[in-house]
Amino acid sequence: MTFCHLLRKDENELLPARSGCTIEDHVIAGNVEEFRKDFISRIWLTYREEFPQIEGSALTTDCGWGCTLRTGQMLLAQGLILHFLGRAWTWPDALNIENSDSESWTSNTVKKFTASFEASLSGERELKTPTISLKEKIERYSDDREMQNEIHHRKIISWFGDSPLALFGLHQLIEYGKKSGKKAGDWYGPAVVAHILRKAVEEARHPDLKGITIYVAQDCTVYSSDVIDKQCTSMASDNTNDKAVIILVPVRLGGERTNADYLDFVKGILSLEYCVGIIGGKPKQSYYFAGFQDDSLIYMDPHYCQSFVDVSIKDFPLETFHCPSPKKMSFRKMDPSCTIGFYCRNVQDFKRASEEITKMLKISSKEKYPLFTFVNGHSRDYDFTSTTTNEEDLFSEDEKKRIKRFSTEEFVLL
């Protein structure tokens, strides 16, 4: 479900391309409905209010400060969708969000949102929330495979619930952030969030998550042997399969402002089947970038304060976890600090991905050195301190230095 170049057939019609296109592809046919269904199927995580109090604070909402944590959650959620459901999966109820006539939404404070793909790119309509009957659900999920997919779908969303027990929920992410000096109410940058996500996945004690890990690039360098070591380290002695990996690469696309020369690079990266999106945004606001149209980036916006949903309840409502319509932003408005995410199902997939991404970096780089690199060997071979994972200090001193450096260059509080 990688979204790439959207092309105009005429002034009023927009055609989305399928995944796997390159920078040089200029004419790719697509289907608006397929794009819309793919987009809506992605998990949308926004500000919430009235959730259980965050430990160590009086906060029961992340409105105004949690946007980068939310965009990080969305990138991780997309990686988990690919891992458990595959790239071909789409949510059967996706298009019902747009077509429903219901006027309600989960919070009186939520802003009016666009309700169709076309309207999101040229105008606005009121957000619609569907009411789906139990009979419709039973008919839709009559197939055993579809039912299993829906179980996985719900399980993934539940891992991002706004409760202390949710594995990748806001409460847990804040706990891991404390290890790097962050607390509830602070602003978080894309690089800090990358390390928090890695810790959250490493510490997750769920049998379904034993087959996936996260690697965070060090100083814009991906050390291939370190990645493969993480993929081949099994938590279960009887499991001989290598793990999937989500690779997170914190980068800067310029100095004070984003360098326009990186536009083709970003478009190329978003076109790759391995890419699971970008944690980025514009100054003061974080967005989850999922694709592009011409010279604009397509994104999901976490800045909508919705009411708390108890995901521990059976058949909890799913509609507020799916964005009904995409939004777009000019590339030149993008903040230079961002974190790029890639998903690789196994070691062979990682090797193919590193080759393709390296080619992309060489083609798109107009500077002497690429934006980031893949190198053979371990980080220790280049005099880098190995990452530690003891419970008393979840971030190594080396990581803390890198996080501190990135943090001074990133987003400010909204």
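**Reading a disulfide and a helix**

User: How is the link of Cys63 and Cys305 handed, and what is the angle about its S-S bond?

Analyst: With 85° about the S-S bond, that link is right-handed. One caution: this is a predicted model, where local features need pLDDT of at least 70 and side-chain atom pairs count only at pLDDT 80 or more, while totals for chains, interfaces and linings use all residues. Residues are numbered from 1 along each chain as its sequence is written, and side-chain values use heavy atoms, leaving out hydrogens and water.

User: What is a disulfide, and how far apart are the sulfur atoms of Cys63 and Cys305?

Analyst: It's a covalent bond between the sulfur atoms of two cysteines. The rule here is a pair of cysteine sulfur atoms within 2.5 Å, and for Cys63 and Cys305 they sit 2.3 Å apart. Cys63 is in the loop between S3 and H2 and Cys305 in the loop between S9 and S10, so the pair ties together parts 242 residues apart in sequence. (Helices, H or I with at least four residues, and strands, E with at least two, are DSSP runs numbered from the N terminus.)

User: Is Cys305 buried or exposed?

Analyst: Buried means under 20% relative accessible area, exposed over 50%, partly exposed in between (1.4 Å probe, protein chains only). Cys305 is buried at 12%, whereas Cys63 is partly exposed at 29%.

User: Which residues of H11 are buried?

Analyst: In an α-helix there are 3.6 residues a turn, so residues three or four places apart point the same way. In H11 the buried ones include Phe350, Ala353, Ile357 and Leu361. On the other side of H11, Glu355, Lys359, Lys362 and Ile363 are exposed.
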